[in-house]
Amino acid sequence: MIIRVRSPEGMHRVEVGLNDTLGLVLEKLAPLMRAPAADAIVLTRDANGQEILAEFERSIVSLGLKHGDMVFANVAASARPSAEPTSEGTAQAPRESAMRVQQDAVDCELERDSGLISRPRDTKMCKHGARAMCEYCLPIEPYDSAYLEEHNIKHMSFQAYLRKVLADHKIRGDISGAVPANFALPLEEPEYGVRSKCPGAHAPWPAGICSKCQPSAVTLQRQPFRMVDNVEFASRSVVDSLLEFWRSSRCQRFGLMYGRYEVSRDVPLGVKAVVEAVYEPSQGCEEDGVRVNLGPELDAEIARADAAAAACGMQLVGMVFTDLTPAAEPGKVLCRRHADSYFMTSLECRLAAYMQEQRPSACRWARGGRFGSKFVTCCVSGDADGGIDITAWQVSNSAQAMHRADLVVPSSVPSKMCVQESTATRYVPDVFYRYINEYKLAVTANAKPAFPIEYLLVTLTHGFPLEPHPAFRASEPFAIENREHVHATQTLGVLKRHIVGALDSPERLAVVLADFHLLVYMFGLNLLGVDEVAMIGRIVREPMEAAQRAEELMAMSGWQTLVLMLREAADSELDPHGSVATSSSAPAASGPWACRHCTFVNEGSATSCEMSMAKQYKAIGDEAWKNSVEKVNAELFIFTYGSLVVQLLRDHEDCTSVNQQLDKLGYNIGVRLADDMFARTTLDRCPDVRSTADAVAKVGFRMFLNTTPTVGLWTNDNEFSLLIEDNPLNDFCELPPRALRDGLWYSNVLCGVVRGALEMMHMQARVWFVRDVLRGDDTSEIRVRVERMLDEEVPAADE
């Protein structure tokens with residue numbers, strides 16, 4: 001059969017077979033039209049170029065073409081050589097770059113979908129037969145306003161928005177084909193900065209400016225679309241790891257989410273970000289926020305995590321952080337983000353704009369080849385019921401443009417974003433925003449000096465799958481990176497102990513290797529080759545064949561080298577001082593050693609880092625004082641204790657007897673308080689005297705007296721002093737001359753408390769006062785000498 005083709009070069013007649021595909025026709029047509037390649041030719045059914053033929057795998061007959069039919073062809077503008085510059089050169093260059101962009105796989109998949117929403121037959125309005133359609137049951141477009149309003153969809157998907165824009169250019173249905181020739185790309189990112197290459201005859205900015213290069217006024221409005229519609233966490237363990245850190249340290253946490261983008265069936269032509277793992281970069285530990293240094297170090301960490309994710313077929317999809325504050329009721333958190341305060345702060349919005357700007361979304365329908373970003377942000381915070389909830393959002397394209405032009409800066413009011421002032425090097429156009437006033441009228445207001453950040457936000461939905469099938473399915477997770485604050489580190493020794501039990505079984509090895517944190521650490525050692533990395537990635541991506549891939553990995557030379565090194569090396573060689581995964585303890589050394597976490601130089605006989613353990617105990621004590629004990633009025637407590645001492649002085653004229661009675665009373669209290677301290681906190685058994693001293697000072701005293709003595713003046717690792725700068729028992733008290741002369745230690749009850757608590761920790765100690773502020777000393781000092789360790793005894797009747 002003959003197909004007639006009309007092109008700018010003239011009329012062509014192409015002879016084709018009945019089963020020939022459209023791609024084969026283009027290959028025959030390319031030399032006739034002097035096209036550089038077959039895919040550079042755009043075929044349409046009409047001369048206007050509205051109905052494009054782009055299904056290259058379909059046969060001529062299935063496309064509805066018959067013998068003698070005429071089609072129209074043109075060579076894509078990006079493939080045609082230009083002999084001389086044209087007046088449209090500036091607009092043509094972005095189009096050519098857009099033609100060469102590599103879009104995400106999910107965008108290519110959605111472009112092949114027509115996006116039409118099927119509707120059932122309306123039993124009331126449809127009067128036709130079962131095989132016919134009318135206006136009440138015809139499929140509707142994915143951007144139909146009535147459908148979006150009916151299903152409470154505030155932001156349509158980006159692909160639906162793209163179909164709406166292309167519909168204005170009479171392009172509908174499958175848009176996966178080539179961009180029509182001489183077609184002006186419809187999408188363009190907003191630009192609020194001064195135009196760099198102005199055709200005007202003036203000096204470049206900042207020396208000169210004109211109406212052509214000067215940015216127009218900015219009017220902020222709600223963005224009608226969103227690049228990502230839903231955030232899906234592959235399993236609850238992804239979020240639980242962040243919550244575990246907060247529960248153990250009460251510090252907030254920041255992480256980078258890795259996963260993939262998939263088609264979401266919840267909205268028409270929707271996209272969802274599936275989060276498989278969270279990588280935690282180096283950061284400071286703060287109770288009221290996160291502190292991350294944006295710079296080369298963070299970029300290097302992201303590059304290492306990106307390499308591990310790429311091997312598993314994943315990519316960086318967003319970031320997540322916690323904002324949790326414990327409530328007075330146990331097991332509850334405060335709801336700090338609500339309609340009367342804020343949902344996101346201006347500082348968080350600017351961070352999101354920065355991260356989205358670093359990771360743009362490729363789009364071949366946009367000038368410049370990029371449009372928006374699929375990078376999402378999640379916040380783990382408290383809800384109105386005192387539970388823990390997640391919010392997901394992005395910032396709009398306008399927010400990215402304002403950040404790119406340096407127009408906005410965070411304000412001290414969390415819900416407001418400030419507009420910067422113009423300077424000699426920064427031009428700030430007029431910025432407005434529209435809102436509905438009390439009379440239900442749309443009013444335009446000046447955004448200077450500040451405006452609500454709601455105009456920059458695009459909210460997303462989030463959730464968990466009903467039947468989770470996470471890619472990282474390790475039953476015993478590997479130590480998470482950068483968690484030295486809770487004494488969890490990644491070392492070769494930890495790696496050896498983690499995988500040594502699975503080296504003889506491919507099935508167990510496949511499960512162990514399905515751990516993102518383990519892969520990032522292993523790949524960062526640079527001991528595995530490209531083939532080993534690719535094979536480990538296949539183990540994660542192909543769970544049904546994971547055991548077979550693990551068996552192939554065990555035969556590779558790079559893996560055998562790593563296993564040999566781990567097996568031959570002793571644990572002492574793989575774990576330096578202070579680098580054990582779950583604590584800051586270290587094997588006994590003959591000389592001083594520096595902690596790997598805080599670089600504090602410890603004595604050779606110390607089995608744990610004094611500084612690191614002290615920080616841990618301080619955090620436990622602060623948390624216990626805030627949430628785990630009931631408070632009483634301080635003045636009532638002080639006057640009650642003073643009355644007790646006065647009554648003892650009346651009953652026992654000898655101050656020495658009073659001291660003994662106070663010590664005995666304190667001993668009985670200390671025995672009970674020790675049990676209460678361990679029951680109400682996460683405190684573990686202390687390994688040595690130094691750790692016990694820190695626990696008593698920073699947890700016990702802080703928990704029950706709201707004061708923290710300083711531990712110091714050590715002698716032979718079994719004798720130390722508790723220096724109390726602020727003793728609450730001394731308030732409103734002044735000793736008479738008789739008590740000073742006879743040697744009364746007013747707060748001697750504390751000595752008994754310490755002695756009783758130490759005995760419950762299996763330490764027999766002698767405790768006495770050395771100095772007291774009430775006796776004219778500069779500070780109060782309690783001296784403690786541990787005389788012997790007590791063996792743990794079990795009553796005869798117990799088994």
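Before you click: residues are numbered from 1 along each chain as its sequence is written, and side-chain values use heavy atoms, with hydrogens and water left out. Since you're looking at a prediction, local features need pLDDT of at least 70 and side-chain atom pairs count only at pLDDT 80 or more, while totals for chains, interfaces and linings use all residues.

**Stop 1: aromatic rings.** There are 15 aromatic pairs in the structure. Rings of Phe, Tyr and Trp (its six-membered ring) pair if their centres lie within 6.5 Å; planes under 30 degrees apart count as stacked, over 60 as edge-to-face and the rest as tilted.

Select Y258 and F516. Their planes meet at 35 degrees with the centres 5.3 Å apart, so this pair is tilted. Y258 belongs to strand β10 (residues 254-264) and F516 to helix α12 (residues 516-524), which puts the partners 258 residues apart. (Helices are DSSP runs of H or I, at least four residues, and strands runs of E, at least two, numbered from the N terminus.) Y258 is buried at 0% relative accessibility, and F516 is buried at 2%; buried means under 20% relative accessible area, exposed over 50%, partly exposed in between (1.4 Å probe, protein chains only).

Next, pick W745 and F769. This pair is stacked, with 10 degrees between the planes and 5.6 Å centre to centre. W745 is in the loop between α21 (737-742) and α22 (749-760), and F769 is in strand β27 (residues 763-771), so parts 24 residues apart in sequence get tied together. F769 is buried too, at 5% relative accessible area.

Then highlight F158, Y161, F225 and F371, which make up one aromatic cluster.

**Stop 2: charges over rings.** Go to W246: R250 lies over its face, 4.3 Å from the ring centre. At F245, the charged end of R253 sits over the ring, 4.3 Å from its centre. The test is NZ of Lys or CZ of Arg within 6 Å of the ring centre and within 35 degrees of the ring normal.

**Stop 3: cysteines.** How many disulfides does the whole structure have? The search finds 0, with a disulfide taken as a pair of cysteine sulfur atoms within 2.5 Å. Show C137 and C126: the C137 sulfur has its closest cysteine sulfur in C126, but at 3.8 Å that is too far for a bond.

**Stop 4: a sheet.** Finish on the open sheet of 3 strands, ordered β7-β19-β20 with mixed pairing. Strands pair if DSSP finds at least two bridges between them. β19 (residues 431-436) and β20 run antiparallel, joined by 5 bridges. Zoom in on F432, which stands opposite N446 in β20.
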